[in-house]
Amino acid sequence: MVRILDLEKYAQNNNIPIMLPDGIEFLLEYIKKNNIQNILEIGTAIGYSAIRMCLLDHNIKVTTIERDEQRYQEALKNIKEFNLEKQINVILDDALSTNITDKFDLIFIDAAKSQYIKFFEKYKVNLKEHGVIVSDNLKFHGLVETPIERIESRNVRGIVRKLNNYIDFLKNNQEFKTTFYDIGDGISISIKNNS
């Protein structure tokens, strides 16, 4: 029987990014406290966070999108191991080209950092009233606070720039009120303002 620890070890050994321990605990606590039942996750990876969320309560349903075929297959295998096929629906596709009409209590963005603004804009229409959008990795291993010129990799500089743009986008967004948490790798919770 696969356990959560096995998933964490597999992710570590294969360089698959999953939420940091205090980050996932914070998210799970938020889900419990706010009685969240319907979740859309952008970025499945190996299914780790979807599994953790669904283990909280058998009424929780997660729709999750993954574009990498290998990770998608790994996620399906892991979800089956935990007998959560009825609670988790994995879609193999690029989140920017998928069309979803369902409404969700919570949308969790944990995928390509350079696309966060596009994910946010595309899926905000899928929020229920009083729904929230949670974004992970806003500190990007502490690099977001590092001066750009001190980051050697051009690729990483690009990601950091995009994440800084996303943080500004959230701070200036009139439609949502965002709170930033210095937990895990940096988490934000954006709550839709009542119109």
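Me: Ala, Val, Leu, Ile, Met, Phe, Trp, Tyr, Cys and Pro count as nonpolar, Asp, Glu, Lys and Arg as charged, and the others, Gly among them, as polar. How many charged residues does the lining of the largest pocket have?

Reply: This is a predicted model, in which local features need pLDDT of at least 70, side-chain atom pairs count only at pLDDT 80 or more, and totals for chains, interfaces and linings use all residues. Residues are numbered from 1 along each chain as its sequence is written, and side-chain values use heavy atoms, without hydrogens and water. A pocket is an open set of points on a 1 Å grid where a 1.4 Å probe fits, with protein on both sides within 12 Å along at least five of seven lines; lining residues have an atom within 4 Å of a point. Beside 12 nonpolar and 5 polar residues, the charged ones in this lining number 9.

Me: Which residues lie nearest the centre of the largest pocket?

Reply: The lining of this pocket counts 26 residues. Strand S1 (38-42), helix H3 (48-55) and strand S2 (61-66) each give two or more of them. Nearest the centre lie Gly43, Arg71, Asp110, Ala111 and Ala112.

Me: Which residues are closest to the centre of the second largest pocket?

Reply: By class, its lining has 8 nonpolar, 2 polar and 4 charged residues. Of these 14 lining residues, the closest to the centre are Ile16, Pro17, Ile18, Met19 and Leu20.

Me: What pattern does the protein chain follow along the sequence?

Reply: Helices (H or I, at least four residues) and strands (E, at least two) are DSSP runs, numbered from the N terminus. The chain has 6 helices and 7 strands. Their pattern is α-α-β-α-β-α-β-β-α-β-α-β-β.
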